[in-house]
Amino acid sequence: MTLSPDIIAIVKSTAPALQQHGLAITQRMYERLFVDPSIKALFDMAAQESGEQPKRLAAAILAYAKNVDNLGALTQAVERMAQRHVETGVKPEHYPAVAAALLPAIKDVLGDAVDQKTLDAWGEAYWFLADILIGREAEKYAGVAA
């Protein structure tokens, strides 16, 4: 599966807004996500409180927006994320909750500056990357179990 040129163009066009508002978006996303205690338990709360984790995620989302048409540039980052997810017990069933927190957080922060077409494009881009991570994590979990 690949992303369509339209989706790629829309996601890339959001990079300036993400550069400016990415941290606010990730902070809002975590607020939404952490209403579920079982998901909150997967996270290092010291990294949340210091702001390190929201900053890392904001940087990762920005890097994805800038390189959505050149995923090879993100190979090392994807590998680090997959490894961290396996270390902390992230499973495929957690990804829908993140999507359900991230996409509304984008709207919460950007308001009328983001339309439904852009949110839909980010939804598709999110699941494209999530599928890559889920696949890589499955390989790592299989290696851990062996």
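**The aromatic rings and their surroundings**

Reply: In this predicted model, Tyr-30, Phe-34 and Phe-43 are joined into a cluster by ring pairs. Altogether, the count of aromatic pairs comes to 5. One of these pairs is formed by Tyr-126 and Trp-127, whose ring centres lie 5.1 Å apart. The planes of Tyr-126 and Trp-127 stand at 85° to each other, and the pair is edge-to-face because that angle is over 60 degrees. Two values are given here because a pair of aromatic rings is described by the distance of the centres and the angle of the planes.

The two partners of this pair fall into separate classes of accessibility. Tyr-126 has a relative accessible area of 12%, which is under 20%, and therefore counts as buried. Trp-127, at 32% relative accessibility, is partly exposed, because its value lies between 20% and 50%.

The protein chain has 8 helices and 0 strands, so that, read from the N terminus, its elements run α-α-α-α-α-α-α-α. Its radius of gyration is 15 Å, close to the 15 Å that the globule rule gives for 146 residues, and the chain is therefore as compact as a globular protein of that length. Along the principal axes, the C-alpha atoms fill a box of roughly 45 × 35 × 20 Å. Of the 146 residues, 39% are buried. Among contacts between residues at least 6 apart in sequence, 81% join residues at least 24 apart.

Val-86, which is found in helix 6, is 55 residues from Tyr-141 in sequence, yet their C-alpha atoms are 6.7 Å apart in space. Val-86 is buried, because its relative accessible area of 12% is under 20%.

Glu-93 is exposed, because its relative accessible area of 57% is over 50%. Apart from its neighbours within four places in sequence, His-94 is in contact with Ile-39, Leu-42 and Gly-89. The C-alpha atom of Glu-93 is separated by 24 Å from that of Lys-55, a residue 38 places away along the chain.

The largest pocket holds about 970 Å³ of space. Two or more residues of its lining are given by each of helix 2 (15-33), helix 4 (45-49), helix 5 (52-67), helix 6, helix 7 and helix 8 (116-145). Helix 5 provides the largest share, with 8 residues. The lining comprises 35 residues, and those nearest the centre of the pocket are Gln-53, Leu-57, Ala-60, Met-81 and His-85. By class, 26 of the lining residues are nonpolar, 5 are polar and 4 are charged.

Methods: Residues numbered from 1 in each chain as written. Predicted model: local features only at pLDDT ≥ 70, side-chain atom pairs only at ≥ 80, totals over all residues. Heavy atoms only, no water. Contact = heavy atoms within 4.5 Å. Buried < 20%, exposed > 50% of the residue type's maximum accessible area, 1.4 Å probe, protein only. Phe/Tyr/Trp six-rings, centres within 6.5 Å; stacked < 30°, edge-to-face > 60°. 1 Å grid on protein atoms, 1.4 Å probe; cavity = no way out; pocket = protein on both sides within 12 Å on 5 of 7 lines; lining within 4 Å. Points joined across faces, edges and corners; volume = space filled by probe spheres on them. Helix = DSSP H or I, 4+ residues; strand = E, 2+ residues; numbered from the N terminus. Nonpolar A, V, L, I, M, F, W, Y, C, P; charged D, E, K, R; others polar. Rg over C-alpha atoms; globule rule 2.2 N^0.38 Å.
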